[in-house]
Amino acid sequence: MEIIRGTTPQIEVILENGTTFDSLGKVILRIKQGTLSIDKEPYSKDANFALFKYTQEETIKLQEGKAEVQLVGINENGEETVSKTYCYEIQILKSLWNKVIHNE
């Protein structure tokens, strides 16, 4: 998976083995690169499918190179739960612009 800095990517997450988002409760998708973490709640979700949308402002903070994504459960107290998924490596690609570009 690849993300270009300063774009508005959508990341699709599909759960396997009969697991559903309802059974997990509240979840976030975390992109982590060094000390930077970007957490997003699902924009849209179904039984085993969720869509996470990122903004230009969020992705411009990422640096060219490797990052990781992970699905994290959040309990009713707002604390992370232990049932995290595997970390998946993604590639952050260079953009010609080092700022947010809004096309009208």
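Predicted model: local features only at pLDDT ≥ 70, side-chain atom pairs only at ≥ 80, totals over all residues.
At 47% relative accessibility, Glu41 falls in the partly exposed class. The side chain of Glu41 pairs up with that of Lys26 in a salt bridge, with N and O 3.2 Å apart. Glu41 sits in the loop between strand 4 (36-40) and strand 5 (44-45), while Lys26 belongs to strand 3 (residues 26-33), so this contact ties together parts of the chain that are 15 residues apart in sequence. Lys26 is partly exposed too, at 42% relative accessibility.

Then there is Arg30. With a relative accessibility of 15%, Arg30 counts as buried, because the cut-off for that class is under 20%. One of its salt bridges goes to Asp39, where the closest N and O atoms are 2.7 Å apart. Asp39 itself is partly exposed, its relative accessible area being 36%.

Arg30 also meets Glu80 in a salt bridge, this time at 2.6 Å from N to O. Here the pair links distant parts of the chain: Arg30 is in strand 3, and Glu80 lies 50 residues away, in the loop between strand 7 (65-74) and strand 8 (88-93). Glu80 comes out as partly exposed, at 38% relative accessibility.

Put together, Arg30, Asp39 and Glu80 form a network of linked salt bridges, in which Arg30 is buried, whereas Asp39 and Glu80 are partly exposed. Across the whole structure, the search turns up five salt bridges, among them the Glu41 and Lys26 pair.

Technical notes:
Residues numbered from 1 in each chain as written. Heavy atoms only, no water. Salt bridge = Lys/Arg side-chain N within 4 Å of Asp/Glu carboxyl O. Helix = DSSP H or I, 4+ residues; strand = E, 2+ residues; numbered from the N terminus. Buried < 20%, exposed > 50% of the residue type's maximum accessible area, 1.4 Å probe, protein only.
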